[in-house]
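Have a look at the structure below and keep it open as you read. We'll walk through it one piece at a time.

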Amino acid sequence: MPRKRKNTNPNRCVGYLRVSTEDQNLGPDAQRAALERWASANGCELVAVFVDQGVSGAAPLDKRPALMDAIDAMRDMDAGVLLVAKRDRLARDLVVAGMVERLVERGGGRIVSADGAGNGDGPEAALMRGIMDVFAQYERAVIRTRTRAALKVKRERGEKTGGRVPFGFSLDADGVHLVENDAEQAIIAIVLDLRRDGMSIRAIAERLNTDGVPARGTRWHRTTVDRLLKRAA
């Protein structure tokens, strides 16, 4: 942890941006513009900007390399402000938010939101920051719940929900709905029969390769057969 430094420059700030895969309403360009506007309006030199791209707000600090670099840069550049576009860019988890706050304060700095919410040193500002952290965590939970519900509906409709098309299926003409692939369904039936006969997963993979059964990749592997059996169970 950084040592306490009382003489950081309040007119020098380090910016931090975070964009997650689940919450794209405030992209990096918009966040950077917000930081630059705040710095210009408040006479603060924006000495560096760090970006965590595709990182969840609930990710622990060891999964937030840019955030940790930003905190280190505050010490190295004698900056007294860690500047974010909005408070929820720091974290959508109460524990993580509290840890970041403590690290920045130990280094003699403070966290400032470009939107102005929760800024200040008084008890009212501290209360507002706490409330905002609670709502950030709540909003993340709501986003996850809505995402799960949407994916469930898509699966029930037979629609592709992301990632690779599972073995045994193909996309229909609209590129959205899954339809059975007769050739691959026949291969699944062979694999299931071999497994029922007591053949090991590794032996099944070797048998498929020996018999020249087409695979999605160059050849059949133990992990591929294992995944296929689990999906077909």
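Let's start with D78, which sits in the loop between α2 and β3. Bear in mind that this is a predicted model. D78 isn't a glycine, yet its phi is positive, near 60 degrees.

Step back for a moment and take in the whole chain. It has seven helices and six strands. Starting at the N terminus, the elements come in the order β-α-β-α-β-α-β-α-β-β-α-α-α. There are 233 residues in the protein chain, and 35% of them are buried. If you take the contacts between residues at least 6 apart in sequence, 63% of them join residues at least 24 apart.

Which strands does β3 pair with? On one hand there is β1, which runs parallel to β3 and is joined to it by four bridges. C13 has V81 in β3 as its bridge partner, and V81 in turn has R110 in β4 as a bridge partner.

P65 is part of helix α2, and at 49% relative accessibility P65 counts as partly exposed. Compare its position with that of V51: P65 and V51 are 14 residues apart in sequence, and their C-alpha atoms are 8.8 Å apart in space.

A97 is in helix α3. Is A97 buried or exposed? Its relative accessibility is 1%, so A97 counts as buried. Leaving aside residues up to four places away in sequence, A97 touches A91 and D133. R87 is 10 residues from A97 in sequence, and the C-alpha atoms of the two are 9.1 Å apart.

Next, find α5 (residues 182-196) and α7. How do these two helices meet? Their axes come within 11 Å and cross at roughly 95 degrees, and α5 and α7 are therefore roughly perpendicular to each other. On the α5 side, the residues in the contact are I188, V191, L192 and R195, and they meet V225, L228, L229 and A232 in α7. Seven of the residues in this contact are nonpolar, none is polar and one is charged.

Last, look for aromatic rings that pair up. A pair like this is described by the distance of the ring centres and the angle of the planes. How many aromatic pairs are there? The count comes to one. The partners are F167 and W220, with 5.5 Å from centre to centre and 70 degrees between the planes, which makes the pair edge-to-face. F167 lies in the loop between α4 (123-156) and β5 (169-171), while W220 lies in the loop between α6 (201-210) and α7 (222-232), so the pair ties together parts that are 53 residues apart in sequence. Both partners count as buried: F167 has a relative accessible area of 11%, and W220 has a relative accessibility of 3%.

How values were computed: Residues numbered from 1 in each chain as written. Predicted model: local features only at pLDDT ≥ 70, side-chain atom pairs only at ≥ 80, totals over all residues. Heavy atoms only, no water. Phe/Tyr/Trp six-rings, centres within 6.5 Å; stacked < 30°, edge-to-face > 60°. Buried < 20%, exposed > 50% of the residue type's maximum accessible area, 1.4 Å probe, protein only. Pairing = 2+ DSSP bridges. Axes fitted to C-alpha atoms, helices over the stretch in contact; angles between N-to-C directions. Parallel < 35°, antiparallel > 145°, perpendicular 65-115°, else oblique. Contact = heavy atoms within 4.5 Å. Nonpolar A, V, L, I, M, F, W, Y, C, P; charged D, E, K, R; others polar.
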